[in-house]
Amino acid sequence: MNYLHAFHAGNFADVHKHVVLLMLLEHLRKKPKQFFVLDTHAGRGLYDLKSGESQRGGEWQGGVAKVISAQWNAPEILAYIQAIRRSPSGERALRFYPGSPLLIAEQLRDNDRAVFVEQQPEEAAALKNELRGRPRVTVLMDDGYAALKAQLPPKENRGLVLIDPPFEVADEFERLAQAVMTGLTRWPNGTFCVWYPVKAGGAHTRFHQQLRNAGLKKLLLSELSIKPVDSPIGLNGSGLLIVNPPYQLDERMTIALPDLRRTLSPDGGVRVEWLVGE
Ligand SMILES: C[S@@+](CC[C@H](N)C(=O)[O-])C[C@H]1O[C@@H](n2cnc3c(N)ncnc32)[C@H](O)[C@@H]1O
């Protein structure tokens, strides 16, 4: 596998995913009862935007760099910017961008727990190093899909699974659909947040159809596109499928995401829609 998230860290898809991830974590923190988070494709946790990979990709300039230099009122975007600043980047001139494990680890309270799974040895080692000394977190060098079986259901019986694969293999959508079904069989009341690419060709639409046909319920879609969704080349949009979303997440995304999209791109659009309701 050649995928290295450093090329993409902080791009528009990371912004979309991390804004929604923080909304989900905020909801979990509203009640005192402890929660659990499983991040099946965790990455290295912190990305140096001055690294060769980030500089060559330059994708963060079309993502987080635009967001931090704009003015915001939406609490969801302000919470995201605050979370980014809480990471070692600190200063306004962004240098380090936090990945999902750091964002999650920062939101854990005394009794909450998180497991991060990363298959690439170097990325897993970097993540272990990044999270060293933090209680309540475990880093596993393993296959994230296998971890769904090993880790679910969690004893807390409350929480979130983030599935964020690199889409480097041809059958990733198929694996993802299986993963959602396996995860829900093991933990029917868990919230699952699954990232997928929106590209021309309709692969994501077939993925939706497969889940609908499987009879799953409470499936909410959130898509943020920076180009028309049928543009023939490249990634047009970032998609999130949220299973068992918290109350009013749909309304909050409908308010917060259009401003975010306008800041990121004059083209594209936002789609927040129930694929299947109750
Ligand atoms: C899109 S990146 C993850 C980004 C991270 N979730 C974030 O938001 O910061 C996907 C990661 O999955 C890792 N990976 C690829 N296949 C995997 C597998 N089967 N199990 C676990 N990790 C895998 C890659 O090495 C890569 O670091």
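These legends walk through several close-up views of a predicted model.

Local features are described at pLDDT of at least 70 and side-chain atom pairs at pLDDT 80 or more, while totals for chains, interfaces and linings use all residues. Residues are numbered from 1 along each chain as its sequence is written, and side-chain values use heavy atoms, with hydrogens and water left out.

View 1. Look for pairs of N or O atoms within 3.5 Å. The side chain of His 18 places an N or O atom 2.8 Å from a ligand oxygen, and for Gln 120 the distance to a ligand oxygen is 3.0 Å. Gln 119 instead has a polar side-chain atom 3.2 Å from a ligand nitrogen. Taken alone, the ligand exposes 610 Å², and the protein buries 97% of that (Shrake-Rupley method, 1.4 Å probe).

**View 2. A salt bridge between Arg 95 and Asp 48.** Their side chains meet at 2.7 Å, N to O; a salt bridge needs a side-chain nitrogen of Lys or Arg within 4 Å of a carboxyl oxygen of Asp or Glu. Arg 95 lies in the loop between α4 (75-86) and β3 (96-98) and Asp 48 in strand β2 (residues 46-48), so the pair ties together parts 47 residues apart in sequence. Helices (H or I, at least four residues) and strands (E, at least two) are DSSP runs, numbered from the N terminus. The whole structure holds 15 salt bridges.

**View 3. The loop between α7 (144-151) and β6 (159-163).** Pro 153 is found in this loop, and the peptide bond from Leu 152 to Pro 153 is cis, with omega near 0 degrees. Asn 157 is in this loop too, with a positive phi near 50 degrees.

Definitions and conventions:
A polar contact is a pair of N or O atoms within 3.5 Å; within protein, one must be able to donate a hydrogen and the other to accept it, and residues adjacent in sequence count only if both atoms are side-chain atoms.
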